[in-house]
Amino acid sequence: MIVIIKLTQRHCEQILNYCQNEAPNEACGLLGGIIDEDVKIVKKVYLLTNVDQCPEHFSMDPQEQFAAIKDMRTNGWFLLGNFHSHPKSPSRPSEEDKRLAFDPEVSYLILSLMEEGYPILKSFRIQKDTVSEETIKIIAGGA
Amino acid sequence: MQIKVNGKDLVLEKELSVKELIDEQRIEAPEYVTVQLNEEFVDKNDFSSIIIKDGDSIEFLYFMGGGRI
């Protein structure tokens, strides 16, 4: 079972900057990359539009979702996971996050911006009501 | 007939509607699935009436969303 997801520092900055810019609304996106044995290695962060434009909900733009998936396929990558921000709440899946997590294979990353200056990014696997935290490994380098 | 489902080849013995293909693929929670057929979005109301033809390319994608509640 895969429990490690690797992102570069640049990927983390992309997620953080995007989420901060979209605040107070929730921001969201997808992660594409490869799987090496039991490690997910992110190759690209896709910044998607939250069509809800809301501080408490997000829905990814389906058109952008399809475009991202096709780009991943073109590059020989897989959908490894997705991310969204919690501008005013902790980095843990809400009941709604769990209810709407249909894919047990992907990682669900949540960036909490609740404490100013202390963003917290965590990754989870969600299988029905069972939530398990994954290890995020941040490596030096660009996207 | 041969079609592509999420980029992968699939052989069908007969023509199916989008809804029948969703059922055959055993896609869970189909009410949360968005469908593109040959790059065009398919309205959920048309899932039963649109027939997939030889050479078509169909994409299924789960709605991705959530909230803090």
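**Reading a predicted two-chain model**

Guide: Let's start with confidence: chain B averages a pLDDT of 91, and 97% of its residues score at least 70. The term pLDDT is the predictor's confidence in each residue, from 0 to 100. This is a predicted model, where local features need pLDDT of at least 70, side-chain atom pairs count only at pLDDT 80 or more, and totals for chains, interfaces and linings use all residues. On naming, residues are numbered from 1 along each chain as its sequence is written, while chains are lettered from A and ligands numbered from 1 in the order in which they are written.

Visitor: How many helices and strands does chain A have?

Guide: Chain A has three helices and eight strands. Read from the N terminus, the order is β-α-β-β-β-α-β-α-β-β-β.

Visitor: What does the radius of gyration say about chain A?

Guide: That radius is taken over C-alpha atoms, and the globule rule is 2.2 Å times the number of residues to the power 0.38. For 143 residues, a compact globule would come out near 15 Å, and chain A agrees, with 14 Å. The C-alpha trace of chain A spans about 35 × 30 × 30 Å along its principal axes.

Visitor: How do I read the strands of chain A as a sheet? What is their order?

Guide: Two strands pair if DSSP finds at least two bridges between them. In chain A, seven strands make a closed barrel in the order β1-β3-β2-β5-β6-β7-β8, with mixed pairing. The twist from one strand to the next averages 35 degrees. For angles, axes are lines fitted to C-alpha atoms, for helices over the stretch in contact, and angles run from 0 to 180 degrees between N-to-C directions.

Visitor: Which strands pair with β2(A)?

Guide: Take β3(A) (residues 39-48) to begin with: β2(A) (residues 28-36) pairs with β3(A) in the antiparallel sense over nine bridges. You can find A:Leu30 opposite A:Tyr46, and A:Asp36 opposite A:Val39. The hairpin of these strands has two residues between them, and A:Glu37 takes a positive phi near 55 degrees there. β2(A) also pairs with β5(A), antiparallel over six bridges, and A:Cys28 has A:His84 as its bridge partner.

Visitor: Let's turn to chain B. Which strands stand at the edges of its sheet?

Guide: Chain B has an open sheet of five strands, ordered β2-β1-β7-β4-β5, with mixed pairing. β2 (8-11) and β5 (40-42) of chain B are at the edges; each has a single partner strand, so one side of each is left without a neighbour in the sheet. Inside the sheet, β1(B) (residues 2-5) and β7(B) (residues 57-62) pair in the parallel sense over two bridges, with B:Lys4 opposite B:Ser57.

Visitor: Is B:Ile52 buried or exposed?

Guide: A residue is buried if 20 or more other C-beta atoms, placed from the backbone, lie within 10 Å of its own, exposed if 12 or fewer, and partly exposed in between. B:Ile52 is buried because it has 21 C-beta neighbours inside 10 Å. This residue sits in β6(B) (residues 51-52). Leaving out residues up to four places away in sequence, B:Ile52 touches B:Ile3, B:Glu15, B:Leu16, B:Val18, B:Leu21 and B:Ile58.

Visitor: And where do the two chains meet? Which elements of chain A supply residues?

Guide: Contact here means that the C-beta atoms of two residues, placed from the backbone, lie within 7 Å. By that rule, 21 residues of chain A are in contact with 16 residues of chain B. On the chain A side, β4 (57-59), α2 (62-75), β5 (78-86) and α3 (95-99) each supply at least two residues. The largest share, five residues, comes from α2(A). α2(A) lies across β4 (33-37) and β7 of chain B, at about 115 degrees to β7(B).

Visitor: Which strand of chain B pairs with β4(A)?

Guide: β4(A) pairs with β8(B) (residues 65-67), antiparallel over three bridges. There, A:His57 stands opposite B:Gly67.

Methods. Helix = DSSP H or I, 4+ residues; strand = E, 2+ residues; numbered from the N terminus.
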